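Visitor: Hi, I'm new to this one. Could you walk me through it?
Guide: Happy to. Let's have a look together.
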Protein chains: 2
Amino acid sequence: METISIVDSKKYVDKKVKIGVWLTNKRSSGKIAFLQLRDGTAYFQGVVVKSDVSEETFALAKEVKQEESMYVIGTIHEDARSHFGYEIEIEDIEPVGASKDYPISPKDHGTDFLMDHRHLWLRSKRQFAIIKIRSELIRATYAFFHKEGFVKFDAPILTGSAPEGTTELFHTEYFDKDAYLSQSGQLYEEAGAMAYGKVFSFGPTFRAEKSKTRRHLIEFWMIEPEMAFTHQEESLEIQEKYIAYLVQSVLDNCQYELKLLGRDPKVLQRYTKLPYPRISYDEAIELLQKSGDFPDVKWGKDFGSPEETYLAEHFNKPVFVLNYPKAIKPFYMKPHPTRKDVVICADLLAPEGYGEIIGGSERATDVAYLEKQIEKAGLDKADYQWYLDLRRYGSVPHSGFGLGLERAVTWITGEEHIREAIPFPRLLNRIYP
Amino acid sequence: METISIVDSKKYVDKKVKIGVWLTNKRSSGKIAFLQLRDGTAYFQGVVVKSDVSEETFALAKEVKQEESMYVIGTIHEDARSHFGYEIEIEDIEPVGASKDYPISPKDHGTDFLMDHRHLWLRSKRQFAIIKIRSELIRATYAFFHKEGFVKFDAPILTGSAPEGTTELFHTEYFDKDAYLSQSGQLYEEAGAMAYGKVFSFGPTFRAEKSKTRRHLIEFWMIEPEMAFTHQEESLEIQEKYIAYLVQSVLDNCQYELKLLGRDPKVLQRYTKLPYPRISYDEAIELLQKSGDFPDVKWGKDFGSPEETYLAEHFNKPVFVLNYPKAIKPFYMKPHPTRKDVVICADLLAPEGYGEIIGGSERATDVAYLEKQIEKAGLDKADYQWYLDLRRYGSVPHSGFGLGLERAVTWITGEEHIREAIPFPRLLNRIYP
Ligand SMILES: [Mg+2]
Ligand SMILES: [Mg+2]
């Protein structure tokens, strides 16, 4: 008899197996007990028929508590009525770990209570499905960038300077120096691109932002690819290919999780069709103005969540908005060749109200231009000497972008709040557990 | 004519191509110029024969400076004399980015100078080979744990408590609270294992340790798998399978990089043969005492670098040392069933003087035992309530381990100092660039 995982049930139909599980729920009568079981790979039902098992086993089945752990021994059968498609007819139960008064009952709890018990709440079906899809997006990210010839190039988390000003940075003492937690690895990725051609970072980033929205985390994971000898148009092609690959990977490998979430695969299929529409910032402003819904919108202002939602809904697909005003974008973006007021950049806006999931640009290559921009932004030139070296010694056209992992998870799973997209969210009022 | 990467040369023999490159070195006579070129995918030679090109092209070839960037257009040929195996016969050169007085010349520079110029130093051959092998180990890690059914489960970096005491932790202010940078995601991975069965984290960790050795970084990446319903013996099997997979992946995919490093693949092949020897801590002490080289060694002391080196050299392979004294190991390790003085754990020691690369254990499952250990260690019980919940609600036997990525990179590449194993090392005296 083999010890298996629930997810492997399909290979063991009508076979006797042993599985280590936890109980999520149960109902029973005098003659039969239905145990809802999970093992971290899937959820399914165990059936214990009184007349087929020992008295002791049936007593165990009737007494087992929510989240108690045990081994169940029995035979796998098909079960067409469940999402999962299989169940186990239990012959024997070996109790493993008790569970008394599990704090999360099937009744409704408030968000704070659930987040205080995040270490247990993660065992629930919806959280399971989201974290599994997150894991699939991570796997697919490595697979995609490997296939495309990128080198994983880790940017440091602790940096001695504050690239975009210190207001939203976490500070720490690094022995006798000041240090900050990285908000982005991009500048380092540019050094990587000059050394290894195509690179990407994928790691945690930190923003000490005092905002409480359903789109913001204090600690979140970013994927930041950077490509040498690459102009913005080629970068846009990689970006949309990457997003379509992510969505397709979830469609290919997470049908069960999508079912658990009630997320319609047909909606996701639409996002695998390329290319995504591209509109200029100018056109976006026009669209918003024409709609009549945004009386305050005018050229030069950044988009908020309502504007981003409108634009992506208009196309019913992810949409690239190109070439934003220079004044609202970071210093390192490449100036437009014929227009002084915009830079060569694009945000990718996700539909269904999820807003910006990618921000990217071609990078400025001229030392004198960059020095002026750094000065204008009120940054300390000394901190950027190494960065300017990348332009002093064999500068090349290069482009890159950043994708927020949790934004992508939230969008693809159709989840409402970004706090569910990471195992232990860090929020304005939350750093426990 | 296609624009290709150097690494793809083998598919374009006798074909005309265009490649974006940087110059690493050159020599020339009146009739021919040999340009050493790199593009981040490989290094090869460009040959410019005066009689075959325009006067302007030959002049460009003679004048091009170290780390100047350009497009070269020409025909790929085999070149059996080089590591890479191909070269390009150049017809035309399009200059891209100038380079004046590149600071790293082929002459010797001191370590501090090179680390101050790490953003440029990364372009060098040895650094290229190490970072590429690092990237391959990362890729192989995701491939391995995916194949084995693990879920990527990211532990938080910012934590509100200090799991192993605050002495070696970086502190920051988290709005109105105190926070610390994670030294290990393990406790969180245990919550993950109870929810998803087999999980792993792979992210940066931080140790504010005032030590300056060739084995320590302040910021380093750790892989921390954790498995529910898993005893230590099965964990050891996964560990050695994983290490052998990493080494095999480098052998399969990084022959060019190993050549650049002068690292003998035969040495690495030895490390793919399983199982690795297992000895108890008791036996290790005996071996060390018998050797006569360690007069001070006695039962109860932790091993230092010389002891670890001796033990691994003795077997000429990675070796597991099992069941260390309880007094020198963390509170969460499972006590031995029949001996009060040791815990169920193992360190994997790498040969060739690289020391511990994995530390792991079976975890204690009993709440009362853990509470006592937490108290004994002088830790605050309140910080561990969520962790103890994992034992209160369906505790199961579980085991896990941690691998330091940079230790593995250093060992597999045969590099002397761990600072080369990460793009931008954070060391006691270094947080720039
Ligand atoms: Mg925006
Ligand atoms: Mg040790």
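Guide: One term before we start: a polar contact is a pair of N or O atoms within 3.5 Å, where, within protein, one must be able to donate a hydrogen and the other to accept it. Keep in mind that this is a predicted model.
Visitor: Thanks! Which domains does chain A have?
Guide: The assignment for chain A gives domain 1 (2-97) and domain 2 (119-421). Their centres, taken over C-alpha atoms, are separated by 44 Å.
Visitor: How many residues are in contact between domain 1 and domain 2 of chain A?
Guide: Nine residues of domain 1 touch eight residues of domain 2. About 800 Å² is buried between the two domains, with carbon and sulfur atoms giving 57% of that. On the side of domain 1, A:R38, A:Y43 and A:H83 lose the most area, together 66% of what that side buries.
Visitor: And how many residue pairs are in polar contact across that interface?
Guide: Five residue pairs, both residues at pLDDT 80 or more. The count of salt bridges between the domains is one.
Visitor: How do strands 16 and 17 run?
Guide: Antiparallel, joined by five bridges. For instance, A:E362 has A:S399 in strand 17 as its bridge partner.

Conventions
Residues are numbered from 1 along each chain as its sequence is written. Chains are lettered from A and ligands numbered from 1 in the order in which they are written. This is a predicted model: local features need pLDDT of at least 70, side-chain atom pairs count only at pLDDT 80 or more; totals for chains, interfaces and linings use all residues. Side-chain values use heavy atoms; hydrogens and water are left out. Domain bounds come from an automatic or database domain assignment. Contact means heavy atoms within 4.5 Å. Buried area is the accessible area (1.4 Å probe) that two parts lose on being put together, summed over both. A salt bridge is a side-chain nitrogen of Lys or Arg within 4 Å of a carboxyl oxygen of Asp or Glu. A polar contact is a pair of N or O atoms within 3.5 Å; within protein, one must be able to donate a hydrogen and the other to accept it, and residues adjacent in sequence count only if both atoms are side-chain atoms. Two strands pair if DSSP finds at least two bridges between them. Helices (H or I, at least four residues) and strands (E, at least two) are DSSP runs, numbered from the N terminus.
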